[in-house]
Amino acid sequence: MKTLQELTRPNIWSLAPYSSARDEYSGHEAHVFLDANENPYGSPLNRYPDPLQRELKEQIALVKGIPAAYTFLGNGSDEAIDLLYRCFCEPRQDNVVAIEPTYGMYRVCADINDVEYRPVLLDEQFQIKAERLLAACDEHTKIIWICSPNNPTGNDLDRQEVLRVIEGFEGLVVVDEAYSDFSRQRPLRFELPQHPNLVVLNTMSKAWASAAIRLGMAFASPAIIAIFNKVKYPYNVNLLTQQQAMKMLKATTEIERYVQLILQQRTQMMEAFRQLPICQQVYPTDANFFLTRVTDAQAIYDYLVGRGVIVRNRTRVQLCNNCLRITIGTRSENDELLGALRQY
């Protein structure tokens with residue numbers, strides 16, 4: 001890969017980051033805090049949280065098997081996605097390459113940051129070819145975006161092809177593993193020591209049943225994490241989020257039970273969908289949702305909205321004409337969806 005200095009925007013590389021009150025005494029014990037203009041009353045929410053979320057990162061390290069030094073925490077994975085553009089992509093000069101279809105925020109953040117976005121279509125099985133992604137790159141390509149299991153298609157991408165991209169590209173390869181807890185494939189975060197240009201995203205919003213707390217993770221080399229920490233807002237993850245995340249990370253047995261219930265319901269739902277007259281195809285999935293091609297996605301979507309049942313209409317997404325994306329819910333929610341569609 002190129003050196004990290006070559007990949008980083010010059011103004012970011014030379015940036016003197018804001019030093020928060022809680023950064024300056026790091027490493028020393030303290031019990032009187034008169035440094036941050038806080039209200040001394042109303043404990044515990046009167047104090048600013050740890051800006052680097054040290055305790056939470058240590059707990060994540062135990063669960064995820066990645067050293068805390070390799071971990072960035074943000075306000076959802078979207079913060080990390082936006083930071084990658086702000087740290088490494090020069091507006092109106094650099095570009096990024098991404099698979100298509102995939103998670104829409106990669107393109108939205110490119111547009112916000114005025115960075116050219118180059119989509120590369122998956123094949124008919126929603127799989128990637130490394131040479132096609134690499135062929136779309138030039139000397140100004142800073143990032144390649146890969147989501148696996150992919151959204152909205154649900155499938156794991158070919159691991160060997162992903163590794164070929166990582167090994168063949170001089171810039172950063174970001175692999176979004178938001179749905180990896182539902183997959184049997186070994187997460188690529190465990191490959192970080194061998195691939196200094198790899199960034200892996202994860203989230204508390206899916207398997208960890210904590211979408212409301214908005215906690216995202218980026219795993220990368222400590223050098224990349226240090227750049228993220230230079231640019232992020234000082235207290236980007238609030239105390240309530242940190243506390244709830246700690247609680248959930250200590251409830252691994254319960255989370256594993258949730259995942260198994262979802263996987264069981266996924267199998268049943270996909271089989272039930274195949275029996276519906278509206279269903280033309282159900283695609284393989286490694287996530288907590290599946291993609292299905294139906295007779296008329298817009299009409300069926302509108303009908304379900306009228307019944308108070310909301311799914312995701314992906315018919316305007318490339319390769320997904322007349323496709324609906326179905327999240328696996330509770331058994332009663334799944335039964336309500338199937339009951340409505342049987343009356344369509």
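Where is the place of Pro152? Pro152 sits in the loop between β4 and α8 (159-168). Helices (H or I, at least four residues) and strands (E, at least two) are DSSP runs, numbered from the N terminus.

This is a predicted model, in which local features need pLDDT of at least 70 and side-chain atom pairs count only at pLDDT 80 or more, while totals for chains, interfaces and linings use all residues. Residues are numbered from 1 along each chain as its sequence is written, and side-chain values use heavy atoms, with hydrogens and water left out.

**Backbone exceptions**

Most residues other than glycine have a negative phi, and most peptide bonds are trans. The peptide bond from Asn151 to Pro152 is cis, with omega near 25°. Another cis peptide bond joins Glu100 and Pro101, with omega about 5°; Pro101 is found in the loop between β2 and α6. Asn37 is not a glycine, yet has a positive phi of about 60°. Asn37 belongs to the loop between α3 and α4.

**The seven-stranded sheet**

An open sheet is formed by 7 strands in the order β1-β7-β6-β5-β4-β2-β3, with mixed pairing; two strands pair if DSSP finds at least two bridges between them. β1 (71-75) and β3 (116-121) each have a single partner strand and stand at the edges, so one side of each is left without a neighbour in the sheet. On average, neighbouring strands of this sheet are turned by 25° against each other, direction ignored.

Strand β2 (residues 95-100) pairs with β3 in the parallel sense over 6 bridges. Within β3, Tyr117 is the bridge partner of Val96. Helix α6 (residues 105-112) packs on the sheet and touches β2, β3, β4 and β5, with its direction at about 155° to that of β3. Contact means heavy atoms within 4.5 Å. Axes are lines fitted to C-alpha atoms, for helices over the stretch in contact, and angles run from 0 to 180 degrees between N-to-C directions.

α5 lies across β1, β2, β3, β4 (141-147), β5 (172-176), β6 (198-203) and β7 (215-219), running at about 110° to β1.

**The four-stranded sheet**

A further open sheet has 4 strands in the order β8-β9-β11-β10, and its pairing is antiparallel. Here β8 (279-282) and β10 (312-313) stand at the edges with a single partner strand each, so one side of each is left without a neighbour in the sheet. Strand β9 (residues 289-294) and strand β11 (residues 323-327) pair in the antiparallel sense over 5 bridges. Thr327 in β11 stands opposite Phe289. Helix α11 (residues 252-274) lies across β8, β9 and β11, at about 145° to β8.

**Helix packing**

| Helix pair | Angle | Axes apart |
|---|---|---|
| α5 (residues 77-88) and α9 (residues 222-231) | about 95° | 10 Å |
| α12 (residues 297-306) and α13 (residues 331-342) | about 120° | 11 Å |
| α4 and α10 | about 25° | 10 Å |

The angle of α4 and α10 makes α4 roughly parallel to α10. Angles under 35 degrees count as roughly parallel, over 145 as roughly antiparallel, 65 to 115 as roughly perpendicular and the rest as oblique. The crossing of α4 and α10 is left-handed; a crossing is left-handed if the near helix is turned anticlockwise from the far one by less than a right angle, and right-handed if clockwise. Glu55, Leu56, Gln59, Ile60 and Val63 in α4 meet Gln242, Ala245, Met246 and Leu249 in α10. By class, this contact of α4 with α10 has 6 nonpolar, 2 polar and 1 charged residues. Ala, Val, Leu, Ile, Met, Phe, Trp, Tyr, Cys and Pro count as nonpolar, Asp, Glu, Lys and Arg as charged, and the others, Gly among them, as polar.

α12 passes α13 in a right-handed crossing. Ile300, Tyr303 and Leu304 of α12 make the contact with Leu337, Ala340 and Leu341 of α13. The residues of that contact are 6 nonpolar, no polar and no charged.

In the α5 and α9 pair, Leu83, Leu84, Arg86, Cys87 and Phe88 of α5 meet Ile224, Ile227, Phe228 and Val231 of α9. The contact of α5 with α9 divides into 8 nonpolar, no polar and 1 charged residues.
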